Amino acid sequence: MTEKKKVVVAMSGGVDSTLTARLLQEAGYDVYGATMNQFDGQDMTEAQKIADFLGIPHKVIDVRKMYQDIVLSYFVDSYKNGITPNPCMMCDFKIKFGFFYDTVRAFFDCPYFATGHYARITYDGTRRKYQVEKATDLAKDQSYMMYHLTQDQLAHILFPLGRIYKKDTRRISEEKGLPTYNKAESQDICFLTSEKSYAEFLQNHAPEAFRPGNITDTKGRILGTHKGLPFYTIGQRKGLGIASRTPLYVVSLHAGKNRVIVGSNDDLFRSGLLANELDFTDGAPPSQQFRCRAKIRYGIHVHNCTVTLDNHGRAAVKFDEPQRAITPGQSVVFYEENRLLGGGTIMKVL
């Protein structure tokens with residue numbers, strides 16, 4: 001290699017991003033590190049220590065106002081409106097692979113950007129398209145998060161962990177002498193610093209969202225009272241405070257009436273959904289109507305379905321078999337075998 005390729009790695013100071021940087025160094029890349037300062041109280045020292053250990057330049061990008069205006073506002077507003085948000089997806093879409101991606105590549109003059117996500121990017125010479133494929137480790141696969149990436153981004157993003165099993169990352173890290181090999185995993189919702197749960201965070205930042213109201217059955221009969229919509233999510237069974245001969249589950253939330261609707265487990269199953277905010281990694285959908293397999297939440301399970309697009313930027317998804325606890329606010333993501341096609345935000349169940 002006559003000239004090293006330059007890559008900037010999104011670094012948290014954790015196991016995955018540290019191993020990502022080391023693997024790229026060993027592959028001959030000229031590696032730089034960058035970290036997002038997302039909120040007050042965030043520990044920025046670990047990432048800098050790892051950058052020093054690896055001997056790479058490191059830059060902190062202050063995105064706190066953007067994070068507040070985009071991610072935290074969306075998180076709070078969603079719960080106010082009876083919708084279950086996905087803050088990690090919003091952060092990735094708008095900030096990590098948006099502003100941060102552009103800023104750090106320009107700052108270090110790097111063509112490539114890498115993260116520790118478990119997904120694969122390949123190039124299909126026949127279709128002449130870059131594509132996202134599921135990770136080798138299906139239990140850890142994060143391709144679900146990537147449906148908003150464009151062709152230009154896919155040409156400049158690297159996921160070195162996409163072909164590694166999560167259970168092997170600590171062993172490989174230890175073999176390579178990396179100090180993070182035994183570091184604890186980060187929590188799911190990173191902005192919960194002093195709070196123990198998202199409900200506590202919301203009580204501190206949006207107490208007005210916690211208005212008591214009625215719990216009703218699917219026919220509108222009042223069965224009890226709730227403590228505020230943010231305490232409840234679709235499919236929830238525990239914590240309802242209702243005596244019943246048969247188990248009851250939250251089947252929907254009605255923000256307009258400030259109502260929690262409960263029903264049987266059978267009431268949780270729906271045959272379809274309507275989604276908007278659609279993106280496709282090819283830049284366009286396969287067709288106006290297509291068959292695929294879809295995920296309605298993070299995990300390994302995919303379900304056969306037919307997707308029909310309308311003229312308003314929405315997709316009606318009809319499942320071959322009814323699905324349990326389809327949740328507005330979450331993402332529906334489309335696959336053809338292991339290849340990610342695209343996805344969108346669930347508006348409502350059908």
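**Exercises: a pocket and a cavity**

The second largest pocket has a volume of about 350 Å³. The model is predicted, with local features needing pLDDT of at least 70 and side-chain atom pairs pLDDT 80 or more, while totals for chains, interfaces and linings use all residues. Residues are numbered from 1 along each chain as its sequence is written, and side-chain values use heavy atoms, without hydrogens and water.

On a 1 Å grid over the protein atoms alone, a pocket is an open set of points with protein on both sides within 12 Å along at least five of seven lines; in a cavity a 1.4 Å probe fits but cannot get out; lining residues have an atom within 4 Å of a point. Points are joined across faces, edges and corners, and a volume is the space filled by probe spheres set on them.

**Exercise 1.** Describe the largest cavity and its lining.

Solution. 
1. One cavity of 30 Å³ or more is counted.
2. The largest cavity holds about 40 Å³ of space.
3. Among its lining residues are Ile-234, Asp-267, Arg-270 and Val-349.
4. The lining divides into six nonpolar, no polar and two charged residues. Ala, Val, Leu, Ile, Met, Phe, Trp, Tyr, Cys and Pro count as nonpolar, Asp, Glu, Lys and Arg as charged, and the others, including Gly, as polar.
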